[in-house]
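Please look over the notes that follow with the structure open beside them. They begin with one element and then move to the chain as a whole.

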Amino acid sequence: MVSESKKIWMDGKFVNWADANVHILTHTLHYGTGAFEGIRCYKTKKGSAVFRLQEHVDRLFDSCHILNMKPPFSPGQIGKAIIDTIRINELKECYIRPLIYIGYGAMGLYPKDNPIRIAIAVWPWGAYLGEDALKNGIRVKVSSFTRLHPNVTMTKSKTCGDYVNSTLAKSEALACGYGEAIILDTNGYVSEGTGQNIFIVRNGVLITPPLPSVLEGITRKSIIEMAQKEKIRVVEANITRDEVYIAEEAFFTGTAAEVTPISEVDGRTVGKGKPGPVTKMLQDLFFKIVKGEAAAYKSWLTYI
């Protein structure tokens, strides 16, 4: 269950958590045309800081542009509203969920002049896949569901309705006794997790699927930059499921998942079945960065 905070920002005003409601005929509720972001704020020795705030806000507005939605607020206003929402809720660490959606008005597939509405909620949220998964790795199943094709939907937008694909894959994996799913693309190559990008290590090379088939993850981008600075070779290339089986290491990345090792896929142990040296090094560095302990990456943090 979500841990309730005090206030939610809605269309420029703060409302009580319990009063942040929408009409049952809200267009996005029926047809899924909306965009959202997942962002984290971390507690550091210098105070609370949001990880890569500008990049997340930019992607949110890119998603709206792709969906032909015109938000009534600017990126700068939304960035400020995110910070204000954290402050008013007096949270030291939190997950941040901005949502831009089509509101109540015309029904039917074409929303006509329905208002574009915006909400920002924040709440305390620990490790998305669990503390044990962060430490020891997670068991994963290759899903029977296929990731959406770029000509079926807009793969560079975090579109609300597209996540039905992910919820089906996630539910299937959990029902089969696994903790997460890997989804293949329409060509049969590894795409991503239900809400994460994926990396593997083979022969000391860090490999991740190319952008045409995956969301441009901000944590994914960060890991690539970090690895390159650490002199680790990074390659964007198609990955088959059996390449994951025989990888030396594998891990998920994402705002919610952070850097979560993968210990097993489809009943096959990955590497030694525990976080490998590359995964552990990047995970340790990631948490140093978000906690403000890596001066070289201080520009990635926006302090509250």
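1. In this predicted model, helix α6 has the following buried residues: Ile218, Thr219, Arg220, Ser222, Ile223, Ile224, Met226 and Ala227. Buried here stands for under 20% relative accessible area.

2. How far apart are the end C-alpha atoms of α6? The helix covers residues 218–229, and its end C-alpha atoms are 17 Å apart. Twelve residues at 1.5 Å a residue should span 16 Å, so the two values agree.

3. After α6 comes Lys231, which has a positive phi, near 65°.

4. The protein chain as a whole contains eight helices and 17 strands. Its radius of gyration is 19 Å, close to the 19 Å from the globule rule for 304 residues, so the chain is as compact as a globular protein of that length. Along the principal axes, the C-alpha trace spans about 55 × 45 × 30 Å.

5. Of the 304 residues in the protein chain, 52% are buried. Among contacts with a separation of 6 or more, 71% are between residues 24 or more positions apart.

6. What is the accessible surface of the protein chain? The value is about 14,300 Å², and carbon and sulfur atoms account for 53% of that surface.

7. On charge, the protein chain carries 37 positive and 31 negative side chains. The centres of these two sets are 4 Å apart.

Methods:
Residues numbered from 1 in each chain as written. Predicted model: local features only at pLDDT ≥ 70, side-chain atom pairs only at ≥ 80, totals over all residues. Heavy atoms only, no water. Helix = DSSP H or I, 4+ residues; strand = E, 2+ residues; numbered from the N terminus. Rg over C-alpha atoms; globule rule 2.2 N^0.38 Å. Buried < 20%, exposed > 50% of the residue type's maximum accessible area, 1.4 Å probe, protein only. Contact = heavy atoms within 4.5 Å. Areas by Shrake-Rupley, 256 points an atom, 1.4 Å probe, with all protein chains shown as cover. Lys, Arg positive; Asp, Glu negative; His and termini not counted. Charge placed at Lys NZ, Arg CZ, Asp CG, Glu CD. Expected span 1.5 Å × (residues − 1).
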